[in-house]
Amino acid sequence: MNTQSKTRYGMVGGGEGAFIGAVHRMAAALDGEFALVCGAFSSDADRNRRSADALGLDSDRAYPTLEALLAAEAALPVDQRMEALAIVTPNHLHAPMAIAALDAGFHVFSEKPMALNLAEALAIEAAVSRSGKLYGLAFTYSGYPLIAEARKRVARGDFGAIRLVQVEYSQGWLSLPIDRDGNKQAEWRTDPARAGLGGCLGDIGTHAFQLAEYVSGLAVEQLCADVATHVPGRRLDDDVAALLRFAGGARGVLKASQVAAGDENGLRLRIHGEKGGLDWSQIEPNTLTLRWLDRPIEVIRAGGPGLDALTMAQFRTPAGHPEGYIEAFANLYRSFGRAVRTGATVPPAPGAADWFPGIDDGLRTMAFVEAAIENSVGDAKWTSLAGILDKSRATRGA
């Protein structure tokens, strides 16, 4: 692929020492379909310059602010300017930066959660609508090939009518008050002004919720939530449990915690229908286990026989060569870049080739956060996600 056929992108945030910015750049680079051409990596001028130097960027395309980046890039010839902006900042900057980039005529690929709250998410939706540009979200785990395979098997009815959806995302890194001991990653994630309404809810609960809806193909209609903060003095939740009611009658359980001491990155999804079910864990992403009422367990392996053609298209190596987090992330970037280059204005439908999470996933996950918080502090047994969305839209339109 020559340089002209690559998707040219810029990055805001993700400077020297930042974990997620480096992950985005690795994912974008993996298939050779993206070229990083500019950035505003840090508000610290020296750090910004060092970051650009380390990435081999021309000094005149290392901008001090996002505003400077957007103005300068828009002034360049069409075949030289960036086409898309990757946003890898703390949460409080996601919405204003996405809206600014969309209004300036650039596609956006953003870290999750989408925004601080549902009102901001709806403002992004409006910007997407008036700009006609693409908006993608880094719900990384939905980029794993065997997640695509799991969705395909559910959708074609292998397990019969779906009855149960169980998703768990368990971490232990916030078990101690490291947010008050100088850990920068913990500090902003537990600050309502920078993280948003939800702590654990927004950080990993949204991942679990998006994965459950995506693979099951079912929308959560109502939830009953218990949102807790275990570490004294912490300002946002660090633990959440929710009962879920899906369209069509399926029931579900979502558990997300960042105070499960000793746990690493324990994301697990189980879905059961009337004839059988599936089991997938992020810690072993190259295995999908199928369990049946009337026959032995099946173990499906990455790249092995019997997989759907769309699943196979997401693998880069032969069976037996493990692929993981970076490759899953790269699948989302590859799909997003192809949509940019073909002139698409909306993501493909879920389950289609080159699908990636977009505005609908963002709105659904932000509605989940607000519904869980409202339900947990209120007296109602069940809270409707549609009701939360409708109320927020009405407030915005008032």
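Author: Start with a term: a residue is buried at under 20% relative accessible area, exposed at over 50% and partly exposed in between, using a 1.4 Å probe and protein chains only. This is a predicted model, in which local features need pLDDT of at least 70 and side-chain atom pairs count only at pLDDT 80 or more, while totals for chains, interfaces and linings use all residues. Residues are numbered from 1 along each chain as its sequence is written, and side-chain values use heavy atoms, with hydrogens and water left out.

Reader: Ok. Is aspartate 237 buried or exposed?

Author: Aspartate 237 is buried, with a relative accessible area of 7%.

Reader: Where does aspartate 237 lie?

Author: Aspartate 237 is in the loop between strand 7 and strand 8 (239–246). Strands here are DSSP runs of E with at least two residues, helices are runs of H or I with at least four, and both are numbered from the N terminus.

Reader: And which residues is aspartate 237 in contact with?

Author: Contact means heavy atoms within 4.5 Å. Leaving out neighbours within four places in sequence, the contacts of aspartate 237 include Leu197, Cys200, Val227 and Thr229.

Reader: How do strand 7 and strand 14 pair?

Author: Strand 7 (residues 220–228) and strand 14 are antiparallel, with two bridges. Leucine 223 has threonine 383 of strand 14 as its bridge partner.

Reader: What about strand 12 and strand 13?

Author: Strand 12 and strand 13 are also paired in the antiparallel sense, over four bridges. They form a hairpin with five residues between them. Leucine 290 is opposite glutamate 298 in strand 13.

Reader: Now helices against helices. At what angle do helix 1 and helix 11 pack?

Author: Helix 1 (residues 19–29) and helix 11 (residues 325–342) pack at about 65 degrees, their axes 8 Å apart. The two are therefore roughly perpendicular. That label covers 65 to 115 degrees; under 35 is roughly parallel, over 145 roughly antiparallel and the rest oblique. Among the residues that meet are Phe19 and Val23 in helix 1 and Phe329 and Tyr333 in helix 11.

Reader: Last one. Which residues touch the most other members of the largest nonpolar core?

Author: A nonpolar core is a set of buried Ala, Val, Leu, Ile, Met, Phe, Trp, Tyr and Cys residues joined through side-chain atoms within 4.5 Å. The largest has 87 residues, and those touching the most other members are Leu69, Met114, Leu118, Ile124, Tyr135 and Leu254. Helix 9 (residues 200–216) gives the most to this core, nine residues. Apart from that core lies another, of 24 residues, including Ala52 and Leu332.

Note on methods. Pairing = 2+ DSSP bridges. Axes fitted to C-alpha atoms, helices over the stretch in contact; angles between N-to-C directions.
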